[in-house]
2 protein chains.
Amino acid sequence: MRDVAALARVGLKTVSRVINGEPGVSPELRARVQRAIDQLDYLPNLTASSLRRSSGRSATIGLILENIANPFSSSLHRAIGDVAWARGVQVFSGSVDEDAIRERLLVSTFAGRRVDGLVVVPASHDHSYLLGHKQAGTAIVFVDRPAEFLDVDAIVSDNRGGSEEAVRHLLAAGHRRIAYLGDLATVYTARERHAGYDRGLASAGIAVDPAIVRHDLQDSEAAEAAVAELLASPAPPSALFTSQNLVTIGAVRALRAAGAQHQVALVGFDDVLLADMLEPAVTVVAQDPRAIGTLAAQLLFLRMDGDLAPTALHVVPTRLIPRGSGEIGPPVARSGRG
Amino acid sequence: MRDVAALARVGLKTVSRVINGEPGVSPELRARVQRAIDQLDYLPNLTASSLRRSSGRSATIGLILENIANPFSSSLHRAIGDVAWARGVQVFSGSVDEDAIRERLLVSTFAGRRVDGLVVVPASHDHSYLLGHKQAGTAIVFVDRPAEFLDVDAIVSDNRGGSEEAVRHLLAAGHRRIAYLGDLATVYTARERHAGYDRGLASAGIAVDPAIVRHDLQDSEAAEAAVAELLASPAPPSALFTSQNLVTIGAVRALRAAGAQHQVALVGFDDVLLADMLEPAVTVVAQDPRAIGTLAAQLLFLRMDGDLAPTALHVVPTRLIPRGSGEIGPPVARSGRG
DNA sequence: CGAGCGGCTGACAACGTTGTCAGGCGGACA
DNA sequence: TGTCCGCCTGACAACGTTGTCAGCCGCTCG
């Protein structure tokens, strides 16, 4: 900037005025400065600028995801990135892998960079540690799971409603013995989806049979094993509700391995690429990560702009997509002759 | 920091020394300062720090991807993020959507933030505009596609070799009429994969039939339409080589729609989730985005550390995964009575 | 003709940190 | 006892920018 000022034979402040389009610079000077800028390929240092600026804003937000590489997270990332880009805000991101300690480390790191806002898909269960940052003026929005012990906005899918709809869909096809296969039960979404399952069964007056409820399936292998076990049990379920992506994939594998994919119904929570090309195609309750991300970013920017409305939990609807696997009926009751 | 210094009754510089673990502070003072830091929840401002630091480093890199939301990009992102995190470096990222102008905008934005390095999956075809940044000391590594008119390191998949292997695999199964279905032909990877296809055919002395070569299929719908057309043509191919993810998915749909999925062989470039669960399961040439990303990040940091070795093009091998669709043989030649 | 005003311009301080350097203090040594 | 040295410590400038403010110029108006 000094070089530009020297070349254009003006003061530093005039260069600054030209860069920021401030009024009160004569056209001739403006042109001279602009020429010098172009000639020197000068690029203003945004970090220095944000250090000095009265707003104290860095035009930067932090995004804390479960795992950048998974489809849900990366769709969120993209949606949030698009909104941020339109506002000239850059995005830092990091993966937490369900590790509460890493979550806190990332928050500290981002706070050290003085991000203006944080979008968090939390792994921990006590977010009071964020209170200081919130009071220091960092806007915070939670996504996918609400905050605990902290008053901030959150955007979540309709986990409970979507799951209940899935179960009712299976009930409508005539099923009475519907298994639940779920992710780590400490995770909010898994708990909610399980609650939806319970409610769906209750709506039909069916008692939950703990023998066909499996929690804590953390990868598709665990899910595959659990489904295989259920299928081999004396009283196997006639339908499966899988509460998460990888669990659904594991279930598909197990059904396939048992040759039962056309006998046992399946509805999965969260859509999977190519699910519609399987045989049978997999019926799912789809989330809308793009909508969630866009909403989260918009809310964050509202808060950054000073919106002081009471915080709220925003629930984004899910959508049941019937494709075949969820429309398989229960086995016809055999007569006494067996 | 002023508050901390005041509370601990020391000078600013002593606080700075404690924070950065510099030697030459008595244990008592160190403890007193640490107490003050804890008490005030003081978090050093990393942007101010990097502004002043002699190294001039921001501990920040920029990542320019085709689309953060696609699996290849997000796997890259994750791998690079992991290496960066281990070095205390934060990552900015942005999506380019094959738009050369957006690529330049992102570079400018990141340069304005004074990133120490750039990882670029380029959309443009003339990267000389990066020369200034390179000379200004920004480390640059290209990924997935090499740089044009700019001398920097690049890491790419073995597009040509992998494609040739795919075609040879189909040839080995007896096919002589193998269609090529490719992405936008201006994209480097598409050109390379097409070259591999040509070479594969040439190795068997088969002439390319332009009637069964289709370029510029930018989404799965276009691919689906193209395959449908090929299948309905007077001399349909007995095997398909699809050079990209979405094209592969479109081909699966078209084959399915025509009921030809068990008659026409298919090998796709780039793996797809659930490809192994389709019927038939899809044979693919898999890339290794994790390895590519890790290598890219390591190379970038080497350069940032001052490595001056000549730049190179690093080729990461692909892997053919036979799953069924690529092992379908050609229709048996009918006798004259046909 | 002088005061006052508005439009331009640049000198200077400040943002929060770190590099440089000088000063104070105590102990070892002549 | 005086000198020198090494260990701690803090004052100050500087990083690249922007907010504040004062000063200059030419014009208008009384």
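Analyst: Two strands pair if DSSP finds at least two bridges between them; helices (H or I, at least four residues) and strands (E, at least two) are DSSP runs, numbered from the N terminus. Gly62(A), for example, stands opposite Leu118(A) in β3(A). This is a predicted model, in which local features need pLDDT of at least 70, side-chain atom pairs count only at pLDDT 80 or more, and totals for chains, interfaces and linings use all residues. Residues are numbered from 1 along each chain as its sequence is written, while chains are lettered from A and ligands numbered from 1 in the order in which they are written.

User: How do you know that strand β1 of chain A and β3(A) pair?

Analyst: Strand β1 (residues 60-65) of chain A is joined to β3(A) by 4 bridges, and the two run parallel. At least two bridges are needed, so the pair qualifies. β3(A) is also joined to strand β4 (residues 139-143) of chain A, again in parallel, by 4 bridges. There, Gly117(A) stands opposite Ala139(A).

User: What makes both faces of strand β3 of chain A covered?

Analyst: In a regular strand the side chains alternate between the two faces of the sheet. Strand β3 spans residues 117-120, with Gly117(A) and Val119(A) on one side and Leu118(A) and Val120(A) on the other, all of them buried. A residue is buried if 20 or more other C-beta atoms lie within 10 Å of its own, exposed if 12 or fewer, and partly exposed in between, with C-beta atoms placed from the backbone.

User: Why are β7 and β12 of chain B said to stand at the edges?

Analyst: They belong to an open sheet of 6 strands in the order β7-β6-β8-β9-β10-β12 (chain B), with mixed pairing. β7 (213-214) and β12 (319-321) each have a single partner strand, so one side of each is left without a neighbour in the sheet. For β12(B), strand β10 (residues 283-286) of chain B pairs with it in the antiparallel sense over 3 bridges. Val285(B) has Leu320(B) as its bridge partner in β12(B).

User: Why is Gly162(B) called buried?

Analyst: Gly162(B) has 26 other C-beta atoms within 10 Å. The cut-off is 20 or more, so Gly162(B) is buried. Gly162(B) is found in helix α8 (residues 159-172) of chain B. Leaving aside neighbours within four places in sequence, Gly162(B) is in contact (C-beta atoms, placed from the backbone, within 7 Å) with Ser157(B), Gly196(B), Phe269(B), Val285(B) and Thr318(B). Gly162(B) and Pro317(B) are 155 residues apart in sequence, yet 7.6 Å apart in space, C-alpha to C-alpha.

User: Are Glu98(A) and Asp270(A) buried or exposed?

Analyst: Glu98(A) has 18 other C-beta atoms within 10 Å, so it is partly exposed. Asp270(A) has 25 and is buried. Most residues other than glycine have a negative phi, and most peptide bonds are trans. Glu98(A) has a positive phi of about 60°, and Asp270(A) one of about 85°. Glu98(A) lies in the loop between β2 (90-95) and α6 (100-112) of chain A, whereas Asp270(A) is in the loop between β9 and β10 of chain A. The peptide bond from Glu279(A) to Pro280(A) is cis, with omega near -5°.

User: What makes the largest nonpolar core a core?

Analyst: A nonpolar core is a set of buried Ala, Val, Leu, Ile, Met, Phe, Trp, Tyr and Cys residues joined through C-beta atoms within 7 Å. The largest has 88 residues, and Val119(A), Val141(A), Ala296(A), Val119(B) and Ala296(B) have the most contacts inside it. A second, separate core of 76 residues includes Ile178(A) and Tyr197(B).

User: How do you know that the two copies are related as by a two-fold rotation axis?

Analyst: Copies are superposed by least squares on the C-alpha atoms of residues with pLDDT of at least 70 in both. A rotation of 180° with 0.0 Å of shift along its axis places chain B on chain A, with RMSD 0.1 Å. The copies are thus related as by a two-fold rotation axis. The contact takes 42 residues from chain B and 42 residues from chain A. Since 100% of the interface residues of chain B are also interface residues in chain A, the copies meet through the same surface.

Conventions. Two residues are in contact if their C-beta atoms, placed from the backbone, lie within 7 Å.
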